[in-house]
Amino acid sequence: MSFGVENLTVRFGRVTALDAVSVVVRRGEVTALVGGDGAGKTTLLRTLAGLVEPTSGTVRRPGVGRLGYLPAGAGSWKNLTVAENVSFIGGAYGLSGADLADRADPILERAGLADARDRLAGQLSGGMKTKLGFSLAMLHSPDLLVLDEPTTGVDPVSRIELWRMISEAVADGAAVVMATTYMDEAERAAFVVLLGDGRVLLSGEPDELIGSMPGTIVETDAPVDSSLAWRVGPVFHEWFPWTVPDGLTWLRPDLEDVCIAAELRDRLIPVGDTQ
Amino acid sequence: MTAPALEARSLTRRFRDNVAVDDVTFQVDFGEVVGLLGANGAGKTTTIRILAGLLPPTSGQAFLLGSPPSRASRRRLGYVPQGLGLYGDLTVRENLAFAASAFGVEPATLIDPLAGASDRIVSNLPLGLQRQLSFVTALQHDPEVLILDEPTSGVGALAAARLWDRIRDESDRGVGVLVSTHSMQEARQCDRLLLMFDGRIVGRGTESDIVAGMTTVEVAADSCSWSDAFSVLANDGLLVTLNGTKARVIDLAPADVEAKLREHGIEADVQVVPSTIDERMASLSIRAPAWKEDGSLSRVFPTPAS
């Protein structure tokens with residue numbers, strides 16, 4: 001069973017935020033959305049969460065009661081305590097009393113928030129706030145979890161804890177779609193979608209994307225075309241779209257290299273011109 | 001021999017009873033890019049503030065360009081804070097002129113795409129352009145030392161690569177660069193890394209030097225039982241994360257992982273894999289029971305028996 005969007009276009013006035021985007025989000029998997037600011041990640045997630053009406057195309061999502069959404073940088077009420085946030089959100093999903101406690105207690109325990117029940121959400125550290133937001137989004141055991149950059153600005157230790165919580169939701173059968181700016185995180189997702197200017201530039205399993213990248217990336221000290229090269233530590237990586245000059249060493253790219261090459265290709269080849 | 005660009009000698013800073021920076025010693029030479037890693041509260045920001053002369057140390061010494069930080073040496077420092085340090089309600093051109101006059105230099109000449117946006121209000125620009133402007137602003141007085149806080153966070157892969165091209169160009173011309181970061185992509189751009197934990201430096205060198213001595217195993221169960229394998233390990237109080245459909249477990253020998261799975265009748269392929277720096281940080285905080293504010297890991301996971 002899966003969720004997702006097909007041929008989705010979203011326009012805000014004259015601005016096309018998403019242009020014929022298709023993404024499948026499977027249960028028991030993490031689908032990672034990557035791309036820079038303005039790529040369309042948030043619009044896609046908000047459409048999946050039912051907060052944005054598609055201009056055209058179809059959206060497949062569960063009913064509101066089976067969907068959890070964590071917006072960027074938020075997800076809780078800062079003037080309420082952790083416990084009040086839990087009962088407020090729980091109430092919205094018809095959970096209260098012992099039923100709510102049965103569900104919420106282990107989640108708060110695992111989030112490391114059990115001792116923070118009486119603290120105001122606004123006074124929690126960034127990492128704890130994000131874990132609270134995630135706990136609230138999954139309080140009602142949703143089938144689809146939509147997470148907008150849950151790990152941005154969160155320190156590495158909280159990030160790994162959050163990734164564990166996400167992993168547990170996936171192991172329990174949820175479909176998770178999350179935007180991330182961290183490539184190492186995307187590399188651990190089952191499926192990765194790279195967005196650029198509202199279009200899908202790449203999508204697939206991380207290994208498949210790395211294995212099937214068009215062209216070749218080499219490591220070099222002296223790039224042939226600096227517009228197709230970028231620095232990685234003291235050396236350069238350079239992307240050759242068609243053929244590689246003799247004598248250069250082929251490099252097994254990582255996901256970041258592949259995304260850079262995909263963005264370069266997008267600029268090199270006009271839209272609609274298929275090679 | 002010339003003095004290094006930045007140097008911390010037994011740097012210590014206390015805030016009341018809390019030791020934020022504890023006997024920290026390192027240097028950044030001219031022409032190298034050094035990455036400073038650590039969780040929130042590890043002491044990175046306090047260390048940077050002392051080196052930049054914004055905060056005095058309780059003991060120890062900080063050197064910026066060979067002498068204790070002063071107004072004169074700070075003129076030769078470029079700093080890009082995580083908040084970018086721009087004035088959101090001024091235009092691109094006004095931001096540049098303001099910073100240039102503070103340093104007594106001519107404003108830098110803008111190139112596209114910033115040149116085309118020179119009369120736009122900064123808060124209306126996309127983050128990628130704001131980051132570029134923050135760089136140009138910090139570099140226009142030709143600093144000899146650069147301190148950058150997560151310089152490329154939030155921008156796309158190509159935009160981040162272009163910002164790093166810029167940073168490496170600066171180090172090629174001899175600038176010493178200290179980068180404070182949470183991002184493993186940024187860590188890979190550095191010549192050398194320092195890992196801070198609880199106010200101290202607990203790891204130095206390359207990524208593999210920093211993760212040396214810890215164990216991470218990956219568990220590949222067959223496709224129908226991977227979630228069972230994951231749940232068994234997670235319910236056992238281990239720090240388990242997912243890599244595709246493989247479970248990653250830190251700080252437990254492969255034989256012990258296999259034994260735990262077998263107790264539940266699960267056969268799986270268990271392999272030792274290279275650890276990540278994030279996992280190293282998580283491991284450190286699990287082992288330090290009295291860890292600070294966000295010490296939730298140590299409460300969730302008991303300290304492993306040695």
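Helix α4 (residues 127-139) of chain B packs against helix α5 (residues 157-172) of chain B at an angle of about 10°, with the axes 10 Å apart. That makes α4(B) roughly parallel to α5(B) (angles under 35 degrees). This is a predicted model, where local features need pLDDT of at least 70, side-chain atom pairs count only at pLDDT 80 or more, and totals for chains, interfaces and linings use all residues. Residues are numbered from 1 along each chain as its sequence is written, and chains are lettered from A in the order in which they are written.

**The helix pair in chain B**
- From α4(B), the contact uses B:Gly128, B:Arg131, B:Phe135 and B:Leu139.
- From α5(B) come B:Ala159, B:Leu163, B:Arg166 and B:Glu170.
- Residues are in contact if their C-beta atoms, placed from the backbone, lie within 7 Å.
- By class, this contact has four nonpolar, one polar and three charged residues.

**Where the chains meet**
- 42 residues of chain A are in contact with 46 residues of chain B.
- α5(A) gives the most to the side of chain A that touches chain B, with twelve residues.
- By class, that side of chain A has 17 nonpolar, 13 polar and twelve charged residues.

**Two domains in chain A**
- Chain A is divided into domain 1 (2-204) and domain 2 (206-268), with bounds from an automatic or database domain assignment.
- Their C-alpha centres lie 32 Å apart.
- Domain 1 of chain A brings eleven residues to the contact, and domain 2 of chain A brings nine.
- On the domain 1 side, α6, β8 (191-196) and β9 (199-204) of chain A each give two or more residues.

Definitions and conventions:
Two residues are in contact if their C-beta atoms, placed from the backbone, lie within 7 Å. Helices (H or I, at least four residues) and strands (E, at least two) are DSSP runs, numbered from the N terminus. Ala, Val, Leu, Ile, Met, Phe, Trp, Tyr, Cys and Pro count as nonpolar, Asp, Glu, Lys and Arg as charged, and the others, Gly among them, as polar. Axes are lines fitted to C-alpha atoms, for helices over the stretch in contact, and angles run from 0 to 180 degrees between N-to-C directions. Angles under 35 degrees count as roughly parallel, over 145 as roughly antiparallel, 65 to 115 as roughly perpendicular and the rest as oblique.
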